[in-house]
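Visitor: I'd like to go through a model with you, one piece at a time. Can you put it up?

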Amino acid sequence: MEILRVENITKRFGRFVAVDNVSFTISKGETVAIIGPNGAGKTTLVNVITKKLEPDGGRVFFDGIDITRLPPQKISRLGLIRTFQVVNLFPVLKVRENLALAGLRAGTTGEVESVAEILGIKRYLDKRLVEVPLGVQKLVELGISLLLKPKMLILDEPVAGLGAEDRFNMVKVLSELKKSLNLIVIEHDMDVVFTLVDRIIVMDKGRIIADGKPENIRENKLVKEIYLGGE
Amino acid sequence: MYMLRRLRALIDGNIIALLLLIGLLGLISFTGHRFYMYIATLIMIFGIFAMGYNILFGYAGLLSFGHGLFFGVGAYSVALFTLNVYRDPLVGVLFSIPIALLTSIIVGILTLKHGRVYFAILTLALSMIFWSALVKLRWLTGGSDGLVGIPKRGVHVDLSAPTVFYYFTLVFFAAIMLGLYVLNKSRYGLLLRALGTNEDRLPFLGYSTFTLRMIALTISGVVSALAGALYAVFYSVVTPDVAYWTFGAEPLVMSLIGGSSYFLGPLVGAIIFVSLTTTVARFAEYWMFLLGAALIAMILFFRGGLLGFLESLVGRFKLGVYLRWRF
């Protein structure tokens, strides 16, 4: 049973076609990675799906509902939640207040402490976001997403910029989450991708060039040439 | 136990400072000194105006050049109501609330869907339209002469004695300040601060920024209008000057002087501004020049206003944390 269907999505910036007639479907329970070189159109695609950007063509269905014309807050309320490549939260508010913003919206304020405990960030709760390390900020962003009770979570480069320990923690948390959540991960770190996902969509120059199981993608000649460096 | 925890969560340095100030303002009436009571009344009125303004400016991050409109709506509501409908200042002041609410919603619908720069310009334009209407609709507003004879003595209350009017203002002041304090501590306070911090992120948490901005504008508009209503009753006269854009920019100056990032910043700014305008302005011919120079210095070197400056001084003792709400 499908949870997300993307039909012929196109996004242009002037003459540049960032996303070119992209279509795919994701089933409930699948964990999917979208990979590709820089400028492939991965983040633009996610921005269009979550309505940070308006599409120039195509439609998006989430959980059976056409969300193409919905504003981002309505898409969020339907349970399609995303994080951002660069941490995009409320730096002058405390970590607790950042999490409470999600809790207040989803009626999960009582779960703030337990989510912080699970993510290992409880000791940072009363610090301002700007005062905590990047790894913790990324976990706060994830915590906010969890408190929003998502049906699907799109993570844009969750381990980018993290040190080895934070990266290890993040992968551990995501491995647990994938058991109960539909995850889409945009990621450059191939170890993380091959550890986490059931399926990989490869993009290049705004198009999907491969779509399949990790073992098949690893052997795909075109992907090797373009993205994996012909290893 | 739960109530006790809630109460404890509400108490911080701001409320202690606020209660001390309210107490001090109460004591001033015992001096019986007319001039002190006059200044204190103006401080309360402009303190309400500045604190109301800062809901929009300091919390929601929206710069308004049109708050003279809300102040003017409050002032003219009480004037027109008490002179033409029901001769009572208390009912008149309360009557200004629904009028300000309605005005805020209309202004919000016209302005809030646009970017911050357009919001600033649109509020300025609406304020100037309102000011022009006050000048031109002579049959209703008295034109540039304004409306005179706004009664202090009414059916329900008699505020003609200075001390009585002083207490009347103090009650409104205390109620509004405590209300704003509770708002600051509430979920809406947190949402409004988030709005001012990173407005673009909130829709992805499921919040409508338009709704949050509307809440901020409505609270700000009503509080500013209440300041205008009290001002009109205080002077018993109201002229279109109160709706002029330079008058509407005064709470911005007060917020910057005190520190718009601090809950009590605008109130501190109002105390300084009113004290200066009623004392220094009498002696210094070019006091506006001095005010301008002080503002430039403030913005260039002490962007956190007076409270920010004090915090940087006492920061090493961690005292500032009791005063600030945002940083």
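Visitor: Which residues in H3(A) are buried?
Guide: In H3(A), the buried residues are Val95(A), Glu97(A), Asn98(A), Leu99(A), Ala100(A), Leu101(A), Ala102(A), Gly103(A), Leu104(A), Arg105(A) and Ala106(A). A residue is buried if 20 or more other C-beta atoms lie within 10 Å of its own, exposed if 12 or fewer, and partly exposed in between, with C-beta atoms placed from the backbone. Helices (H or I, at least four residues) and strands (E, at least two) are DSSP runs, numbered from the N terminus.

Visitor: Where do these coordinates and labels come from?
Guide: This is a predicted model, where local features need pLDDT of at least 70 and side-chain atom pairs count only at pLDDT 80 or more, while totals for chains, interfaces and linings use all residues. Residues are numbered from 1 along each chain as its sequence is written, and chains are lettered from A and ligands numbered from 1 in the order in which they are written.

Visitor: Back to H3(A). What do its buried residues pack against?
Guide: They pack against H4 and H5 of chain A, together with helix H9 (187-197) of chain B. Since 11 of the 12 residues of H3(A) are buried, the helix is largely enclosed by the rest of the structure.

Visitor: How far apart are the end C-alpha atoms of H3(A)?
Guide: They are 17 Å apart, which agrees with the 16 Å that its 12 residues should span at 1.5 Å a residue. The expected span is 1.5 Å times one less than the number of residues.

Visitor: What follows H3(A)?
Guide: Gly107(A), with a positive phi near 70°.

Visitor: On to the interface. How many residues of chain A are in contact with chain B?
Guide: 20 residues of chain A are in contact with 15 residues of chain B. Contact is counted when the C-beta atoms of two residues, placed from the backbone, lie within 7 Å.

Visitor: Which element gives the largest share of the side of chain A that touches chain B?
Guide: H3(A), with 6 residues. The elements that give two or more residues to that side are helix H2 (72-77) and H3 of chain A. By type, the residues of that side divide into 12 nonpolar, 4 polar and 4 charged. Here Ala, Val, Leu, Ile, Met, Phe, Trp, Tyr, Cys and Pro count as nonpolar, Asp, Glu, Lys and Arg as charged, and the others, Gly among them, as polar.

Visitor: What about H5(A): how many of its residues are buried?
Guide: 12 of its 14 residues are buried, so H5(A) is mostly covered. Its buried residues pack against strand S6 (80-82), helix H3 (95-106), helix H4 (112-119), strand S7 (152-156) and helix H6 (164-177) of chain A. H5(A) covers residues 134-147 and reaches 20 Å from its first C-alpha to its last, close to the 20 Å expected. Just after H5(A), Lys149(A) takes a positive phi of about 55°.

Visitor: Now the strands. What is the order in the sheet of 6 strands?
Guide: The order is S6-S7-S8-S3-S9-S10 (chain A), in an open sheet with mixed pairing. Its edge strands are S6 and strand S10 (207-212) of chain A, each pairing on one side only. Two strands pair if DSSP finds at least two bridges between them.

Visitor: How many bridges join S9(A) to S10(A)?
Guide: 5 bridges join them, and the strands run antiparallel. Met203(A) has Ile208(A) as its bridge partner, and Val202(A) has Ala210(A). The hairpin of these strands has 2 residues between them, and Lys205(A) takes a positive phi near 50° there.

Visitor: And the sheet of 4 strands?
Guide: That open sheet of chain A has the order S2-S1-S4-S5, with antiparallel pairing. Strand S2 (16-27) and strand S5 (65-66) stand at the edges with a single partner strand each, so one side of each is left without a neighbour in the sheet. Strand S1 (residues 2-13) and S2(A) pair over 8 bridges, and the bridge partner of Lys11(A) in S2(A) is Val19(A).

Visitor: Last topic, chain A overall. How many helices and strands?
Guide: Chain A comes to 9 helices and 10 strands. Of its 231 residues, 47% count as buried. The C-alpha atoms fill a box of roughly 50 × 40 × 35 Å along the principal axes.
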